[in-house]
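Hi,

Here is the structure I promised to pass on to you.

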Amino acid sequence: MNFTAALIAEFLKGSVEGNPEATVSDISKIEEGKPGTLSFLANPKYEKFIYDTQSSIVIVNADFQPQKKISATLVRVKNAYESFAALLRLYDQSKPKKSGVSKMAVISDTASLGKDLYVGEFTVVSENVSIGDGVQLYPQVYVGDHVKIGEGTILHPGVKVYEGCKIGAHCVIHAGAIIGGDGFGFAPNQDNNYEKVPQVGKVIIEDHVEVGANTTVDRATIGATILRKGVKLDNLIMIGHNVEIDENTVIAAQSGISGSTKVGKNCMFGGQVGLIGHINIASGVKIAAQSGISKDIKEEGIVIQGSPAFEFGPYQRSYLLFRNLPKLREQINELERKVEQLKQ
Amino acid sequence: MNFTAALIAEFLKGSVEGNPEATVSDISKIEEGKPGTLSFLANPKYEKFIYDTQSSIVIVNADFQPQKKISATLVRVKNAYESFAALLRLYDQSKPKKSGVSKMAVISDTASLGKDLYVGEFTVVSENVSIGDGVQLYPQVYVGDHVKIGEGTILHPGVKVYEGCKIGAHCVIHAGAIIGGDGFGFAPNQDNNYEKVPQVGKVIIEDHVEVGANTTVDRATIGATILRKGVKLDNLIMIGHNVEIDENTVIAAQSGISGSTKVGKNCMFGGQVGLIGHINIASGVKIAAQSGISKDIKEEGIVIQGSPAFEFGPYQRSYLLFRNLPKLREQINELERKVEQLKQ
Amino acid sequence: MNFTAALIAEFLKGSVEGNPEATVSDISKIEEGKPGTLSFLANPKYEKFIYDTQSSIVIVNADFQPQKKISATLVRVKNAYESFAALLRLYDQSKPKKSGVSKMAVISDTASLGKDLYVGEFTVVSENVSIGDGVQLYPQVYVGDHVKIGEGTILHPGVKVYEGCKIGAHCVIHAGAIIGGDGFGFAPNQDNNYEKVPQVGKVIIEDHVEVGANTTVDRATIGATILRKGVKLDNLIMIGHNVEIDENTVIAAQSGISGSTKVGKNCMFGGQVGLIGHINIASGVKIAAQSGISKDIKEEGIVIQGSPAFEFGPYQRSYLLFRNLPKLREQINELERKVEQLKQ
């Protein structure tokens with residue numbers, strides 16, 4: 001399919017700068033632009049590439065001020081990244097969707113199945129499972145007894161959902177993610193061994209949640225581990241038993257949240273962040289990558305860093321001084337010399 | 001099933017405070033207690049909930065001193081958490097167990113199989129495998145050639161065990177865990193490329209070990225990577241080649257241990273801890289979350305923190321001063337001014 | 001099979017010290033040496049074991065100077081570790097290789113298959129896939145539509161490769177690794193929800209790459225996430241969308257690289273390292289374990305540590321002073337007392 005700059009601008013409610021008949025049939029990164037492709041510029045780090053790009057059309061922010069001549073046709077929009085994402089969604093939706101139930105899947109007679117399903121090869125749907133309309137279960141997925149999956153949700157290859165867990169509508173669970181494994185609970189006994197504390201709770205995932213590849217969400221000891229509506233988890237994240245994460249919180253890869261901790265709405269955690277158990281994090285809190293959180297964060301919207309973490313600005317100042325500790329010590333030694341001289 | 005407070009107290013060798021005829025049929029968290037349910041209170045952080053809980057019965061420690069009136073019936077026991085765990089085990093054992101060998105599993109004729117097995121759909125049992133009585137292999141498990149699995153062990157969906165590894169009795173291996181992948185060994189050659197060092201060893205897991213979801217335990221280069229009796233590993237942990245972890249050591253999620261390191265008995269590691277290779281950790285050592293260990297720890301039972309880690313108390317003091325570095329610098333600057341004045 | 005010291009020395013172009021007729025039939029670690037086995041000594045940490053080892057033959061570096069009498073026969077070579085690795089490769093190649101295509105695999109009619117394949121049980125090869133000669137797909141592997149896999153590559157049990165990804169020749173992908181899951185991209189909308197940015201790019205893995213167990217390599221938003229020739233990734237690593245890693249870079253377990261970051265050739269990263277997105281790392285850079293990289297590293301070959309990281313030597317000096325901060329404060333307090341005395 002071919003699209004002109006004029007058509008793209010109309011779809012995005014933007015304006016054309018250059019040739020409105022410039023035509024594209026594919027997408028490329030601005031730094032790898034080829035004639036006949038569409039690119040975008042949102043992150044200022046990439047501005048340098050727009051002056052040389054071979055892309056035929058570039059979507060830019062309305063307030064973008066070129067420093068040099070640009071040969072590509074520009075489409076100016078309110079938010080270049082969002083507009084580009086909207087085009088990608090359009091492109092993505094035009095691709096054929098997997099459908100049909102494989103004869104090589106095993107589906108229990110007791111399962112309740114919606115319409116328009118895709119169930120891939122070697123997928124297992126266990127007893128008393130309920131699956132909504134349009135659900136896609138890729139090959140080699142395991143759905144345990146009494147699991148519920150809401151309409152339009154996608155489980156990519158190899159996802160495992162333990163018994164009794166609930167996944168809402170329009171969720172995406174990526175390959176290798178494990179939903180509902182046992183929480184990590186052991187009680188020491190008289191012989192100084194550990195005995196397993198059975199984990200009889202479950203996991204509840206609400207609508208529009210995305211879970212990354214090989215991420216693990218443990219079931220609750222009792223009650224439920226809960227991911228609320230719109231939560232987005234990246235790959236290789238660990239969510240402990242009885243954790244609750246409120247709406248639209250976004251967590252980057254390899255972070256871990258220990259048991260019974262509660263996280264508010266609209267938080268953003270960087271990668272490799274760790275939270276201890278049994279604490280509460282207020283809404284809107286931002287945590288820098290690799291930070292460790294060891295106590296309640298009560299102030300909404302603050303930014304924190306460090307292990308253990310404290311406020312971002314003070315952390316940055318302390319860390320700068322940490323780097324300069326050799327100089328600081330030199331300053332102290334010099335002072336000592338001066339004081340000794342004065343004493344004589 | 002319904003249970004009275006009197007019956008529960010008898011089972012737990014505890015005492016009733018309140019109505020011995022109070023009856024429960026389910027379990028709930030104390031902060032979400034409902035009439036007809038049983039809760040427990042062990043962590044003092046949750047004491048505030050006991051005064052308002054709707055739970056009919058609450059198990060508490062013998063020495064618990066209420067600060068206000070409590071409407072629930074109490075069952076006082078020596079250790080509330082352990083007692084509650086014992087009840088959960090009872091509850092858990094009453095659930096029906098998966099059994100039978102699926103026609104959709106592939107089991108080699110050369111495999112030696114015990115009695116009372118569960119082998120789920122699309123599970124592969126390769127050549128010369130030995131499986132003990134009562135073993136449960138959930139769907140989509142892979143058991144490589146010459147693997148041995150002891151009686152009563154459970155492999156959850158999608159677990160992969162490479163050839164030649166040994167898993168003891170009464171172990172639980174959670175979904176997605178990989179046992180026996182190659183250790184990370186490469187030797188640089190003349191062309192500045194790396195050539196693989198074949199990993200011809202294996203993994204030995206002794207009895208009563210639990211391995212969390214998506215955790216990986218690499219096989220040894222030569223000899224064996226060993227998890228001794230009672231070791232408990234949480235999710236997403238990395239155990240490198242030729243590592244040995246001694247009895248009853250417990251490691252939280254996302255920690256990693258590099259090749260050939262030896263860890264003693266009864267250690268406790270927090271989450272996201274990292275250990276370099278070829279070191280020895282004494283028994284009973286506790287390592288705070290996110291710490292990095294770069295050398296032998298010889299003193300048994302010490303608590304360490306930091307990256308690189310040192311003793312917990314000194315680390316805490318240093319970190320407090322790190323937070324106060326801006327003040328410390330101000331103090332130094334003030335001293336400099338005073339000394340300059342004195343010199344004039 | 002039995003091998004004499006003379007034969008081993010001839011194969012390795014080394015020299016025998018001791019009995020040239022000493023014979024071995026197996027391999028052991030030097031600290032667990034048994035009669036009739038071959039060991040090696042490369043790491044000086046293990047020298048103490050050579051004086052008591054029961055191994056019949058030990059491969060050592062040409063310049064090794066024993067401090068005591070050794071009963072084993074020595075084979076002196078230029079590089080003991082490399083020579084031992086070469087022997088292991090010989091040993092490994094002598095083992096029978098899996099072969100044949102299982103009737104319990106599902107392979108699309110549209111797939112193009114090379115010769116001498118191994119395709120295990122419950123493996124799925126989707127539409128328009130291209131697979132080179134000698135490829136080994138272990139059981140329960142998923143190969144999505146339009147994937148290409150080069151000759152001699154091994155995919156261990158349960159590997160999942162999403163549609164459109166390319167894997168080169170002679171690669172090894174370990175169990176549970178996920179190639180081509182969606183990048184983590186969301187754009188906030190007017191309702192303060194996040195909308196998914198479709199990830200329409202792919203993953204390109206060049207020849208001789210090894211990917212560890214449960215590692216995840218995300219597909220690009222547009223274009224490709226690229227692992228160049230000879231890259232070695234350990235277990236549980238996260239490679240974000242549009243990342244590019246240049247030739248022969250080696251990364252230890254549980255490290256993570258955020259979206260669009262570019263890493264040079266011959267780098268070495270320790271375990272649990274994190275890199276933010278959109279940065280460039282020069283060739284030959286070494287990063288200490290648990291470090292966090294928040295900006296471009298332009299100097300080739302430097303060694304860095306810390307979170308955020310800076311040069312290794314200065315980091316070590318700052319960290320030593322961090323440990324001594326209580327003393328430093330005491331020094332400052334003492335100075336204050338002296339200055340106060342002087343003022344009087």
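K98(A) is partly exposed, with a relative accessible area of 24%. (Helices, H or I with at least four residues, and strands, E with at least two, are DSSP runs numbered from the N terminus.)

Before you go on, two things about the source. This is a predicted model, where local features need pLDDT of at least 70 and side-chain atom pairs count only at pLDDT 80 or more, while totals for chains, interfaces and linings use all residues. Residues are numbered from 1 along each chain as its sequence is written, chains are lettered from A and ligands numbered from 1 in the order in which they are written, and side-chain values use heavy atoms, with hydrogens and water left out.

Back to the salt bridges. Side chains of opposite charge can pair when their charged atoms come close. How many salt bridges are there over all chains? The count comes to 41. One of them links E210(A) with K196(C), with the closest N and O atoms 2.7 Å apart. E210(A) is in strand β25 (residues 210-211) of chain A and K196(C) in strand β23 (residues 194-196) of chain C, so here too the pair joins two chains. E210(A) is buried, at 5% relative accessible area, whereas K196(C) is partly exposed, at 24%.

Now look at E210(C) and K196(B), whose side chains meet in a salt bridge of 2.7 Å, N to O. This pair crosses from strand β25 (residues 210-211) of chain C to strand β23 (residues 194-196) of chain B. E210(C) is buried at 4%, and K196(B) counts as partly exposed at 23%. In chain A, salt bridges that share partners join E206(A), R228(A), E244(A) and K262(A) into one network.

How are the chains related? Chain A superposes on chain C by a rotation of 120° with 0.0 Å of shift along its axis, at an RMSD of 0.1 Å. That is the relation of a three-fold axis.

Next, find helix α1 (residues 5-12) of chain B, where A5(B), I8(B), A9(B) and L12(B) are buried. They cover an arc of only 100° around the axis, so they are on the same side of α1(B). (The arc is that of the directions from the helix axis to the C-beta atoms.) K13(B) follows α1(B) and has a positive phi, near 55°.

Last, some backbone details. S307(A) and P308(A) are joined by a cis peptide bond, with omega about 0°; P308(A) lies in the loop between β39 (303-306) and β40 (309-311) of chain A. Q254(B) is not a glycine, yet its phi is positive, about 70°, and Q254(B) is buried, at 8% relative accessible area.

Cheers

Terms used:
Least-squares fit on C-alpha atoms with pLDDT ≥ 70 in both. Salt bridge = Lys/Arg side-chain N within 4 Å of Asp/Glu carboxyl O. Buried < 20%, exposed > 50% of the residue type's maximum accessible area, 1.4 Å probe, protein only.
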